Amino acid sequence: MFKKVLEYAGEYRKVTYRAMAAMLLGVIASVLPYWFIYQLITPLLSHRELSVEGAAWRIAAIAVCLILYAVLYNKGLCLSHESAYHTLKNLRISLQGKLEQQPLGTIQEKGVGSLKKLFIDDIESIELLLAHALPEGIANSAVPVFVFLAMFLVDWKLALLSLCSLPLGIISMMAMYQSGISKIEDYYASAQKMNNTIVEYINGMEVVKVFNRDGESYHRFEGDVKSYRDFTLAWYKVCWPWMALYSSILPCVALFTLPLGSWFVLQGYSTLPDLVLVLCMSFGIGAPLMRSLGFLSTLPQINFKIESLENTLSAPPLQQTDSPFLGTDRTLSFEDVHFAYKEEEVLHGVSLTIPEGSLTALVGESGSGKSTLAKLLVHFYDVTAGSIKIGGQDLRDMRLEELNQQISYVAQEQFLFNMSLLENIRLGKLDATDEEVLAAAEKAQCSEFLSRLEHGIYTMAGDGGKQLSGGERQRISLARALLKNAPIVVLDEATAFMDPENEDKMNAAIAEIIQGKTVIVIAHHLHSIVNADQICVLKDGNLADCGTHSELLSRCPEYQSLWQAAEGSTQWKIRTEKGGNAQ
């Protein structure tokens, strides 16, 4: 386990070794005063005279040892923390790299709470192993080993008596670990569930308040928090009695040595000076022994966390190669595409071709597979079976960066970073000039709301873009797509947040984006896609039909049903009659 973690330390592994050496010397310095105390006591026991000079230099040596202990131990801690935090940095960077290779959809499924716990809490907890358990544990463990060996050289009978308390303490400690490990998985599962619930509770606060679901939402929040509390207390309740037992027995190395050793002296089996020396040494190793064994309580947790990290790191990466885009054109081909979320298949052999430069609309009821098909095109997931090709080249046979250069994906929900709107738009083309960004914002119809902002395009977007409305965020995302100028454009309900007054502006912005491009539009508003080159109707994960608006109206029952619903929705209105009745 240490070897696996230390792999991330890199060049700082040597710093950890220096930390261990400094701490070892420090612990030795903390034990040496008991040797000098023995030298002060021995003359008194043998009725020999101890000179003032002899007493003075021994007392001075004790002081020097204590100072050395403080200096060396502090230096060791500084070195161990330096190594630990560089190791955590390397671990996070490595984990980030692995996650970036995984399908984006898989990452999203993990949940914000789970990833936050993984990147922050779980990795941070390994700091205890790197900065404390490893260097301090080994340094504090080495000293008792050497001292016990020295005891055997002095008097093997007294040394055995000093060892008698260790089996009792270790048995208590092992009982605690065995009991605690059985509950640790439930403990961490409850912690992860609580994290996800807290994030969901905070993000959904607005909906909860608007629909008066405070009681229900808070009940779930309270239930998961209490569940975490109960698992934690149950875990500690099992461990506490054993912890109290071993922490009382282990430091008392003289538990058997003092009474039985005194009897040995009276019987002539051992000498009084030897007993005093062994007792002095036993008093010196109690503290380092407890510190070394105390760090063992973290090992079951660290094992579990490292396994969790390894499971995340070992998840199947997104299938891709180092090849550039080699397609002959921008024709899109879906060939017998199957896809399953976990165990449930949601696309069942979809095959369709989207010619270069054409506008294709995907329509269907919610859950029919429209957005899933689009996400597969931008390689959020790998297909379960079949293939998706651009210009004859399989998506899996090119670098993801190459694919991203070919496609602009404008989703219904767009995330804005907490930086200026100018920099948010510039994400579409990182080397774009300010003039190019402003031109893209103008074409995306952003000028109207930018003129109302105090700092215009230099206004900070806020966390997640909270300074803007949903429609304004959508137009910023369209400006990104305009700036990127990719040959393939995917619009997933791009006008979802538009009010009627701004929909014409939004459509004008979309017209700028799709000009001369291969376009896929996912739409629920059928009136906006009647002029599409082809409309593909999806139903329950299958392709029901493809054709123009007029062709589908004449032959496709599923499209006819969707169109009738769309026509009916245009007639909806709210009318209040006298008496307060709404119709």
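## Helix pairs and a pocket

Helices are DSSP runs of H or I with at least four residues, and strands are E runs with at least two, all numbered from the N terminus.

This is a predicted model: local features need pLDDT of at least 70, side-chain atom pairs count only at pLDDT 80 or more, and totals for chains, interfaces and linings use all residues. Residues are numbered from 1 along each chain as its sequence is written, and side-chain values use heavy atoms, without hydrogens and water.

**Exercise 1.** Describe how α6 and α10 are set against each other.

*Solution.* 
- Find helix α6 at residues 156–163 and helix α10 at residues 257–267.
- Take the axes: they come within 9 Å and cross at roughly 160° (lines fitted to C-alpha atoms over the stretch in contact; angles run from 0 to 180 degrees between N-to-C directions).
- Therefore α6 and α10 are roughly antiparallel (over 145 degrees; under 35 is roughly parallel, 65 to 115 roughly perpendicular, the rest oblique).
- List the contact (heavy atoms within 4.5 Å): K157, L158, L161 and S162 of α6 meet T257, L260, G261 and F264 of α10.
- Sort the residues of this α6 and α10 contact: four are nonpolar, three polar and one charged (nonpolar: Ala, Val, Leu, Ile, Met, Phe, Trp, Tyr, Cys, Pro; charged: Asp, Glu, Lys, Arg; polar: the others, Gly among them).

**Exercise 2.** At what angle do α2 and α3 pack, and which hand is their crossing?

*Solution.* 
- Helix α2 covers residues 13–45. Helix α3 covers 52–101.
- The angle is about 160°, and the axes of α2 and α3 lie 7 Å apart.
- So α2 is roughly antiparallel to α3.
- The crossing of α2 and α3 is left-handed.
- Their contact has 25 nonpolar, seven polar and three charged residues.

**Exercise 3.** Work out the packing of α16 and α18.

*Solution.* 
- Helix α16 spans residues 434–443, and helix α18 spans residues 470–484.
- They pack at about 125°, with axes 8 Å apart.
- Therefore α16 and α18 are oblique to each other.
- α16 passes α18 in a right-handed crossing.
- E436, V437, A440, A441 and K443 of α16 touch A479, L482 and L483 of α18.
- The contact of α16 with α18 holds six nonpolar, no polar and two charged residues.

**Exercise 4.** Which element gives the most residues to the lining of the largest pocket?

*Solution.* 
- Start with the space: the largest pocket holds about 2,300 Å³ (an open set of points on a 1 Å grid over the protein atoms alone, with protein on both sides within 12 Å along at least five of seven lines; the volume is the space filled by probe spheres set on the points).
- Its lining has 46 residues (an atom within 4 Å of a point).
- L104, Q108, F380, F415 and F417 lie nearest the pocket centre.
- Elements giving two or more lining residues include α3, α4 (104–110), α5 (112–154) and β6 (407–410).
- α18 gives the most, with five residues.
- By class, 18 lining residues are nonpolar, 18 polar and ten charged.

Terms used. Left-handed = near helix turned anticlockwise from the far one by under 90°. 1 Å grid on protein atoms, 1.4 Å probe; cavity = no way out; pocket = protein on both sides within 12 Å on 5 of 7 lines; lining within 4 Å.
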